[in-house]
Amino acid sequence: MKEKYQNVLDLGQELEIKNGNVKEVDGILHVAGTAKNQYEKNLIWDKIKEIGGDNPTDIIADISVEDTTIFANHTVKSGDTLGKIAKHYYGNAMKYTAIFDANTNILKNPDVIHPGQELVIPNL
C-alpha cells in the first residue's frame, strides 16, 4: 500500500506535516499527522483522492490542522496579484478583497503587493 500512496507520503514530507505516522494494517494504510493549515490538509486529501478515488477503502487518513484561524499562508512571488492568489486558493479571483482585508496591516492598496510579502489567506 505504501507504494501506491507514495506520492501522498512525499507530499506530506514536502509540506512538513508534523507528527507524521504511517503504518499498514491488514492491507489498509493508516496515515496521520498535523498540517499547518486547512489548505495543506486539503492538498493531502486531494492527492489521496487522485490516487484512490473519492472514497478509497485502502487508506485511512487522520490529518489535523495546527492553525484553524486561517486557511493558508502565501509568500508573494513575482507576477502575483491578489486576484491570482484568490483564484489559486478559492477558485475565484474576485475574492481578492478578502485577502486584502485580512492583510491591511501590511497592504495599503490591493493593487500593490511585493515579492517576499507573507500574506494571510483567511477562511471564507
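Me: On a 1 Å grid over the protein atoms alone, a cavity is a set of points where a 1.4 Å probe fits but cannot get out, whereas a pocket is an open set with protein on both sides within 12 Å along at least five of seven lines; lining residues have an atom within 4 Å of a point. Which residues line the largest pocket?

Reply: This is a predicted model, in which local features need pLDDT of at least 70 and side-chain atom pairs count only at pLDDT 80 or more, while totals for chains, interfaces and linings use all residues. Residues are numbered from 1 along each chain as its sequence is written, and side-chain values use heavy atoms, with hydrogens and water left out. The largest pocket is lined by Val 8, Leu 9, Gly 12, Gln 13, Ile 17, Gly 20, Val 22, Val 31, Ala 32, Ile 44 and Ile 63.

Me: Which element gives the most to the lining of the largest pocket?

Reply: Helices (H or I, at least four residues) and strands (E, at least two) are DSSP runs, numbered from the N terminus. At least two lining residues come from each of α1 (6–14), β1 (18–25) and β2 (28–35). With four residues, the element that gives the most is α1.

Me: How many residues of this lining are charged?

Reply: Ala, Val, Leu, Ile, Met, Phe, Trp, Tyr, Cys and Pro count as nonpolar, Asp, Glu, Lys and Arg as charged, and the others, Gly among them, as polar. On that basis the lining holds eight nonpolar and three polar residues.

Me: Which part of the chain holds Phe 71, the partner of Tyr 39 in an aromatic pair?

Reply: Rings of Phe, Tyr and Trp (its six-membered ring) pair if their centres lie within 6.5 Å; planes under 30 degrees apart count as stacked, over 60 as edge-to-face and the rest as tilted. Three aromatic pairs are found in the whole structure. Tyr 39 and Phe 71 form an edge-to-face pair, 5.8 Å centre to centre with 65° between the planes. The pair ties together parts 32 residues apart in sequence, because Tyr 39 lies in helix α2 (residues 38–52) and Phe 71 in the loop between β3 (59–65) and β4 (72–75).

Me: Is Tyr 89 buried or exposed?

Reply: The rings of Tyr 39 and Tyr 89 form an edge-to-face pair, because their centres are 4.6 Å apart and their planes stand at 65°. That pair links distant parts of the chain, Tyr 39 in helix α2 and Tyr 89 in helix α3 (residues 82–90), 50 residues apart. Buried means under 20% relative accessible area, exposed over 50% and partly exposed in between (1.4 Å probe, protein chains only). At 12% relative accessibility, Tyr 89 is therefore buried.

Me: Which side chain is joined to that of Thr 34 by a polar contact?

Reply: Thr 34 is placed in strand β2 and is buried, with a relative accessible area of 16%. A polar contact is a pair of N or O atoms within 3.5 Å; within protein, one must be able to donate a hydrogen and the other to accept it, and residues adjacent in sequence count only if both atoms are side-chain atoms. At 3.0 Å, the side chain joined to that of Thr 34 belongs to Ser 64.

Me: How far apart in space are Leu 15 and Ile 44, C-alpha to C-alpha?

Reply: Leu 15 lies in the loop between α1 and β1, and its relative accessible area of 11% makes it buried. Contact means heavy atoms within 4.5 Å. Not counting residues up to four places away in sequence, Leu 15 touches Lys 36, Glu 40, Leu 43 and Ile 44. Leu 15 and Ile 44 are 29 residues apart in sequence, and their C-alpha to C-alpha distance is 9.1 Å.
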